[in-house]
Amino acid sequence: MPKSFVELNKVFFEAEFDIYFKYLDSMEAFISTEITHHKNSLGEIERKGELTFSDDPGQMPTEFEYDYYHLDILDQFANIMRRSYFVSLYSSVETTLIDYATYRDQRSCFTPPRQDVLMKTITFLIDSNLTQFSFSKSNAQWQTIRNLGRLRNTIVHNDGRPKDKELVRFINSTNGLSLSSAWVELDYSFCTEATKLSLSFLTSVLFD
C-alpha cells in the first residue's frame with residue numbers, strides 16, 4: 001500500500017534531521033581524536049624519560065607543556081562547539097514550527113513572533129486545529145523543551161551563565177549538563193538526548 005502524504009513527509013523529515021546526528025558524531029569524533037593524540041604524546045614522552053624540570057616544584061616538565069596546553073584548549077573548544085551545535089538545533093526547532101504554521105495558515109493570520117516563539121507558534125497551531133499536540137498530553141516533553149529554550153537564551157544572551165533558579169535546577173538535574181564557575185557546560189550525551197527530544201517533539205507536533 002502506498003504511503004500517505006503525511007507518512008512520506010515524516011520519512012523525509014526524519015531523514016533530513018539525521019544530518020544533525022551525523023554532524024554531532026563527526027564533531028565529537030574530531031575532538032576525541034585530538035585528545036587521544038595529545039594523551040598518547042604525553043605517554044610517549046613519559047616513557048622516554050627525558051624530562052626537563054625547573055626549580056619550581058609546582059611546574060610541570062617543559063616537555064609536557066605543549067600537550068597539556070592543547071588538552072586544556074580542547075576542553076574549552078569542545079564546550080564552545082557543543083554550545084554552538086545546541087543553539088543551532090534549537091533554532092531549527094523554532095524555524096521548523098514557524099515554517100509549518102506559515103504553510104498551513106490558509107487564512108493568512110499567522111505572524112511569526114519575535115519573542116516567546118515556541119509558545120506563541122504552538123498556541124497558534126493548537127487554536128487553529130493544525131496539530132493534535134496538547135500541553136496536557138505531552139506536559140513532561142513540553143516542559144523539557146521549554147527548559148531547552150531557557151538554556152538556549154542563557155547561552156546566547158548571557159554567555160552561558162544562568163540566573164534563572166528554575167534553569168539552574170534543570171541544569172543540575174539533567175544528565176550531560178553541569179555548572180563550572182557559574183558557566184554551563186554541555187557534554188556529548190546531553191547534545192544527543194536534546195537532538196532526540198527535538199525530533200520527537202517536532203514529530204508529535206507535525207505528524208501525530
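Student: Why is Cys191 called buried?

Tutor: Buried means under 20% relative accessible area, exposed over 50% and partly exposed in between, with a 1.4 Å probe and protein chains only; Cys191 has 1% relative accessibility, so Cys191 counts as buried. This is a predicted model, in which local features need pLDDT of at least 70 and side-chain atom pairs count only at pLDDT 80 or more, while totals for chains, interfaces and linings use all residues. Residues are numbered from 1 along each chain as its sequence is written, and side-chain values use heavy atoms, with hydrogens and water left out.

Student: What makes Cys109 partly exposed?

Tutor: The relative accessible area of Cys109 is 42%, and therefore Cys109 is placed in the partly exposed class. As for disulfides (pairs of cysteine sulfur atoms within 2.5 Å), the structure holds zero.

Student: How many aromatic pairs does the structure hold, and why is the one between Phe13 and Phe17 called tilted?

Tutor: The structure holds 14 aromatic pairs. Rings of Phe, Tyr and Trp (its six-membered ring) pair if their centres lie within 6.5 Å, and planes under 30 degrees apart count as stacked, over 60 as edge-to-face and the rest as tilted. Phe13 and Phe17 are 5.7 Å apart, centre to centre, with 40° between the planes, and form a tilted pair. Both residues, Phe13 and Phe17, are buried, and both lie in helix α1 (residues 5-48), four residues apart, about one turn of the helix.

Student: What makes the pair of Phe133 and Trp142 edge-to-face?

Tutor: The ring centres of Phe133 and Trp142 are 6.2 Å apart and their planes stand at 65°, so this pair is edge-to-face. Phe133, at 4% relative accessibility, counts as buried, and Trp142 is buried with a relative accessible area of 3%.

Student: Which residues do ring pairs link into a cluster?

Tutor: The cluster consists of Phe13, Phe17, Tyr20, Tyr23, Tyr85 and Phe207, linked by ring pairs.

Student: Why is helix α6 described as largely enclosed by the rest of the structure?

Tutor: Of the 19 residues of α6, 14 are buried, so the helix is largely enclosed by the rest of the structure. Helices here are DSSP runs (H or I, at least four residues), numbered from the N terminus, and α6 covers residues 188-206.

Student: How do you know that Phe30 is partly exposed?

Tutor: Phe30, which lies in helix α1, has a relative accessible area of 43%, so Phe30 is partly exposed.

Conventions
Helices (H or I, at least four residues) and strands (E, at least two) are DSSP runs, numbered from the N terminus. The expected span of a helix is 1.5 Å times one less than its number of residues.
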